[in-house]
Amino acid sequence: MWRRLRSALRSLRGSPAAPPHGGGGRPPAAMERAVVRCVPSEPKLSLRFVLPDGSARHMQRDQAEPLGRALARIATNAAKGHGKAGKKSKKARAEGDAEGEAAVPAVRLFSRDGAAVAEELPNAAAWQDGAVLHIGDVRYRVERNPPAVTELSLPRSLLAGFPVCPKVSAEFAAPQHCQFRWFREQRPAEGEAWVETAEAERVFTPSNALVGLRLKLRCTPGDGEQRYGPAREVESSGPVEAGPGACTFDARHLYTKKVCGRDSVRAVSYNILADTYAQTEFSRTVLYPYCAPYALEIDYRQNLLKKELAGYSADLICLQEVDKSVFVDSLAPALDAFGLEGLFRIKEKQHEGLATFYRRDKFSLLSQHDIAFSEALSEPLHKELSDQLAKYPLVQEKVLQRSSVLQASVLQSTTDPSRKLCVANTHLYWHPKGGNIRLIQIAVAMSHIKHVACDLYPSIPVIFCGDFNSTPSSGAYHFISSGGIAEDHEDWVSNGEEERCSMSLSHPFKLLSACGEPAYTNYVGGFHGCLDYIFIDRNALEVEQVIPLPSHEEITTHQALPSVSHPSDHIALICDLKWK
């Protein structure tokens with residue numbers, strides 16, 4: 001039976017029988033695939049192939065195991081597959097099953113140059129790319145760690161005029177080396193189920209002509225070395241919908257069409273409004289009753305946010321109130337497609353945190369030094385401040401209960417290694433009467449930044465972004481910009497005499513608010529004020545240009561923020577900085 005199967009298989013494929021020895025020469029076109037996945041950090045390798053009877057085999061073998069054992073197991077599997085392909089008659093079994101012995105095929109592995117691979121060799125070394133596996137007369141080309149798409153998905157909401165950024169995860173491949181083909185759903189008069197669009201890029205922006213039609217993406221993984229794996233497809237769950245028209249950031253994009261030069265850095269700081277806060281009954285009825293409910297939905301807001309951020313062509317982006325799922329499933333894949341690498345730090349006990357993105361062709365990451373303020377106070381670096389705080393137990397308790405964190409990343413210029421930056425990002429305590437708490441938090445932050453930018457990397461410039469929940473008249477703003485705060489500042493009694501906390505604090509930096517003091521960076525129904533800043537080291541950096549904020553008319557078109565044309569209750573700060 002085995003011989004008859006092989007003969008039929010050869011006839012079907014039109015290829016001659018393989019000689020019983022040697023694996024050299026160019027493999028025939030009809031050669032099957034044997035896919036090997038072998039990663040050094042894992043104890044086992046996997047082997048996938050399809051037997052001549054059509055049955056798929058997926059084997060897991062120890063990497064250190066001798067090749068001979070793996071080949072013996074393959075032979076056993078092949079014999080089992082053959083046995084299932086044609087059941088023997090009673091007469092055959094009665095005659096002692098003489099053909100059964102011959103049904104176990106010879107299994108050998110040959111290297112790319114045709115030499116037999118020694119069966120004593122460990123699996124990890126034996127199964128090399130381009131080797132040829134023989135199972136009887138059937139040949140299989142070994143593909144070791146071929147490019148593969150492990151995840152491919154499209155956003156749930158698609159808007160005309162807004163970029164569609166797929167989430168692509170690949171193994172032994174990189175999204176920038178993958179091939180992308182986009183298709184649109186057919187119209188009633190068209191014969192094809194899907195019609196290919198002219199776009200062949202990773203990011204696709206549907207036009208108004210595609211409203212009402214679904215999209216399909218085909219991704220072929222590549223590794224940049226002319227190796228490609230099997231394509232994978234995904235269809236959108238819904239059709240393209242009409243966009244909102246003009247958005248608050250459209251005019252700002254006119255200033256940021258191009259990435260700035262090598263001697264400049266475009267920085268963005270933006271509280272993007274966490275979904276965990278936007279999707280509550282309190283938000284819909286009290287905080288943002290003027291905002292259409294659909295415009296508070298995360299899928300809708302993500303469309304706006306991705307277009308807004310991509311259009312700024314930034315080198316550094318510091319975001320606050322970033323949901324973990326939004327970072328992983330939406331922002332990181334989208335901004336990766338535009339050349340930005342992302343770092344995320346979640347707040348303890350929260351579902352949101354901070355994200356810092358940097359442009360890969362301008363910066364490389366040297367190190368990360370993130371902290372949670374409450375935990376940092378127990379470290380030796382902050383002992384002096386902690387000892388002072390211990391004198392005020394009510395304030396100390398509140399500080400330790402807060403989940404606020406600080407991202408601190410050290411970046412190095414890819415074109416000038418002598419240029420390094422400490423990029424800090426934070427979101428301070430929000431309560432209007434929490435000025436004293438914010439002073440303690442910012443004191444911890446400045447002490448930690450000093451440790452990074454003065455001790456670990458002496459004299460590197462600092463860019464400190466964030467939602468500081470502090471107006472220009474606050475103690476926190478005064479402390480950051482002047483370098484000190486007196487123990488009798490009014491913010492030490494921001495929550496009354498009972499929680500007075502008097503300290504004299506200082507830091508060594510000369511920091512400047514790069515975007516000045518706008519009338520507001522947060523505009524909601526019951527409040528508007530300047531809470532967000534990009535502080536820069538005035539000794540090393542200077543402001544080249546500040547991208548104008550949207551006009552008051554644009555902000556109030558739909559009463560306040562967020563709105564159908566603006567995804568957050570805050571406004572992004574953007575500036576171009578130049579090395580001195």
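How many residues of domain 1 are in contact with how many residues of domain 2? Five residues of domain 1 touch four of domain 2, where contact means heavy atoms within 4.5 Å. The model is predicted, so local features need pLDDT of at least 70 and side-chain atom pairs count only at pLDDT 80 or more, while totals for chains, interfaces and linings use all residues. Residues are numbered from 1 along each chain as its sequence is written, and side-chain values use heavy atoms, with hydrogens and water left out.

The domain assignment of the protein chain gives domain 1 as 32-76 + 106-144, domain 2 as 148-235 and domain 3 as 249-255 + 263-579. These bounds come from an automatic or database domain assignment. Between the C-alpha centres of domain 1 and domain 2 the distance is 34 Å.

Domain 1 and domain 2 bury about 330 Å² between them, with 37% of that on carbon and sulfur atoms. Buried area is the accessible area (1.4 Å probe) that two parts lose on being put together, summed over both. Two salt bridges are counted between domain 1 and domain 2; a salt bridge is a side-chain nitrogen of Lys or Arg within 4 Å of a carboxyl oxygen of Asp or Glu. Side chains of opposite charge can pair when their charged atoms come close. Arg227 forms a salt bridge with Asp129, and their closest N and O atoms are 3.2 Å apart.

Over residues 146-241 the chain is 0% helix and 36% strand, with the end C-alpha atoms 37 Å apart. Helices (H or I, at least four residues) and strands (E, at least two) are DSSP runs, numbered from the N terminus. The record's "domain: Endonuclease/exonuclease/phosphatase" covers residues 269-570. That span, 269-570, is 32% helix and 27% strand, and its end C-alpha atoms lie 10 Å apart.

By the salt-bridge rule the count comes to 29. Because Arg284 and Glu281 are three residues apart in helix α8 (residues 281-287), about one helical turn separates them.

Two backbone details remain. Most residues other than glycine have a negative phi, and most peptide bonds are trans. Lys349, in the loop between β17 (340-346) and β18 (352-359), has a positive phi near 70°. The peptide bond from Leu561 to Pro562 is cis, with omega near -5°. Pro562 lies in the loop between α17 (552-555) and β31 (573-579).

How values were computed: UniProt positions renumbered as here; feature names shortened; annotations may be inferred.
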